[in-house]
Amino acid sequence: MKRAMKKIVCGGTIVSPGGRQEADILIEDGKISAIGSGLAAEAGEEVEKIDATGKLVLPGIIDAHTHYHLESRGTVTADSFFEGSRAAAFGGVTTVVDFADQEPGQSLQQASRERIDAMSEGIACDFALHQSVYTMHEGIPGELEKLKALGVTTVKIFTTYKREGYLIEESGLKRLFELCRDLKLMVTVHAEDDELIEELEAKHEGEALPPAMHPVLRPSESEYRAVKKIGELAHSAGMPIYIVHLSSARGYDAVRELKARGVKIMVETTPHYLLLTNDLLSGDEAQKYIMTPPLRRPEDNEALWRGVESGDIEIIATDHCSFTREQKLSSDSVISILPGIPGSEELLPLVHTEGVGKGRFGLEKMVSLLSEMPAKAFGLYPKKGAIAVGSDADLVIFDPGRESVLTDSGQHTAAGYTPYDGWKVKGMADTTILRGEVIVGNGTYYGKAGTGRFLNAGVPEIYRRS
Ligand code: URP
Ligand code: ZN
Ligand code: ZN
């Protein structure tokens, strides 16, 4: 099929964090070149028209926390780079920020380079990276510089997962924060206090540890302690900090206490911590609902919604880390059940249904949570996260009235199940456009493996905040 160089998305209502506008969007060479009313009427036959009449037009959704094809714990997650990005595209996602692990002996820049190369071969949406840092050693300053030169401006640390080799020693953290501050890198943190978790594991040693024990071994108090400690350390180093997947009311207490003291902190939560509760851990196939931190109580869901409404939580991302049902059910013990669930495809419909649909916030804020803020947080704005002249033409034509039920077989993840099986949603991406190319339309996928581009990330926006 011959592709038109120019395209127009016409007749829709553009939603941006600043408001709504009925206007057409002209796309040239994958970028937005004009926005205005009547552009379609003025355009000649040679310009391809993509009809958005009666629909909303959103900037492409950015899932700021994914683990596609993660090799971990002696296995690999279910979704390949292609499968993860294809499922995501059905949910309107055009960019992900994925995670680069680090093999022993590898420098940070080698780890990122390898990940970029591997992802570039398979992925069908654009991507940036968070690079893990597991140890502090004398080579780190130079490695961080090289990482930045490569276009990776976020590092990821874990205050837990000692067994897996992810936990970073506290002694080196202040130095790491100072180095990242000087280079204007974002530090993202998986925050759970490992000492408390180890104490609780020791207390329950020798017992059966079924899924319902997960919140007992990883209580919200451990999130509170870790968020508080990390926030204070970062503050003492004059460094902003980003907390991933906040899961609990206690964790949110820590965020509020830090903010009250002037700590620069950005917070992300996920649909599962907003919507699912730990009663699922006593039900059928409870292993399918194991992720770290664990699911909490309805009060925690509500506290996190309040955090989103108040603006303390600025980003909703998924922590998509999918395993097949078989992988999940291969253990009964929370020590060894593979942690993580799929979610990229469900992100937009769930946040629209439960956030906008329940009157918690408007469409403009939804766009901020799912597109603009993730782009700003990770130095991708305004190339990504905006409908503006000069931005990449990453667009979602969104039908806010389309009702459907999420089902295991209806989702596109290779996991073969969704933790939201049976959830009713209202609002769905009709068409997903990546750099001007329709990658999903009328339920059909048109994307191609290997067409996703690595995004050279700039300075995270938090460094510009006063
Ligand atoms: O259980 C989870 N969340 N798995 C993915 C890795 C992580 O901790 O983010
Ligand atoms: Zn995590
Ligand atoms: Zn994660």
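This is a predicted model: local features need pLDDT of at least 70, side-chain atom pairs count only at pLDDT 80 or more; totals for chains, interfaces and linings use all residues.

User: Why would residues three or four places apart in an α-helix point the same way?
Analyst: An α-helix has 3.6 residues a turn, so residues at that spacing face the same way.

User: Where does a nitrogen atom of ligand 1 meet a side-chain N or O atom, and at what distance?
Analyst: A nitrogen atom of ligand 1 is 2.6 Å from an N or O atom in the side chain of Asp319.

User: What about the oxygen atoms of ligand 1?
Analyst: An oxygen atom of the ligand lies 2.8 Å from a polar backbone atom of Thr292. For His67, an N or O atom of the side chain is 3.3 Å from an oxygen atom of ligand 1.

User: How much of ligand 1 does the protein bury?
Analyst: The protein buries 98% of the 260 Å² that ligand 1 exposes when taken alone.

User: Changing topic: how many helices and strands are there in the protein chain?
Analyst: The protein chain has 14 helices and 21 strands. Its radius of gyration is 21 Å, close to the 23 Å given by the globule rule for 466 residues, so the chain is as compact as a globular protein of that length. Along the principal axes, its C-alpha atoms fill a box of roughly 70 × 50 × 40 Å.

User: What share of the residues counts as buried, and what is the accessible surface?
Analyst: Of the 466 residues, 62% count as buried. The accessible surface of the protein chain is about 17,300 Å², with 48% of that belonging to carbon and sulfur atoms.

User: Where is Asp312, and is it buried or exposed?
Analyst: Asp312 sits in the loop between helix H11 (298-310) and strand S17 (315-316). Its relative accessible area is 16%, so Asp312 is buried, the cut-off being under 20%.

User: What does the side chain of Asp312 make a polar contact with?
Analyst: It makes a polar contact with the side chain of Tyr252, at 2.6 Å. Leaving out residues up to four places away in sequence, Asp312 touches Tyr252, Arg256, Lys259, Val267 and Gly307.

User: Another loop residue, then: where does Gln411 lie, and what is it in contact with?
Analyst: Gln411 lies between strand S18 (395-405) and strand S19 (424-434), in the loop. Apart from its neighbours within four places in sequence, Gln411 contacts Glu345, Glu346, Leu406 and Thr418. Gln411 counts as buried, at 11% relative accessibility.

User: Finally, is Pro59 buried or exposed, and which strand holds it?
Analyst: Pro59 belongs to strand S7 (residues 56-59). It is buried, with a relative accessible area of 4%. Not counting residues up to four places away in sequence, Pro59 touches several residues, among them Val15, Val367, Ile387 and Val396.

Note on methods: Residues are numbered from 1 along each chain as its sequence is written. Chains are lettered from A and ligands numbered from 1 in the order in which they are written. Side-chain values use heavy atoms; hydrogens and water are left out. A polar contact is a pair of N or O atoms within 3.5 Å; within protein, one must be able to donate a hydrogen and the other to accept it, and residues adjacent in sequence count only if both atoms are side-chain atoms. Accessible areas come from the Shrake-Rupley method with a 1.4 Å probe; for residues, only the protein chains shown count as cover. Helices (H or I, at least four residues) and strands (E, at least two) are DSSP runs, numbered from the N terminus. The radius of gyration is taken over C-alpha atoms; the globule rule is 2.2 Å times the number of residues to the power 0.38. Buried means under 20% relative accessible area, exposed over 50%, partly exposed in between (1.4 Å probe, protein chains only). Contact means heavy atoms within 4.5 Å.
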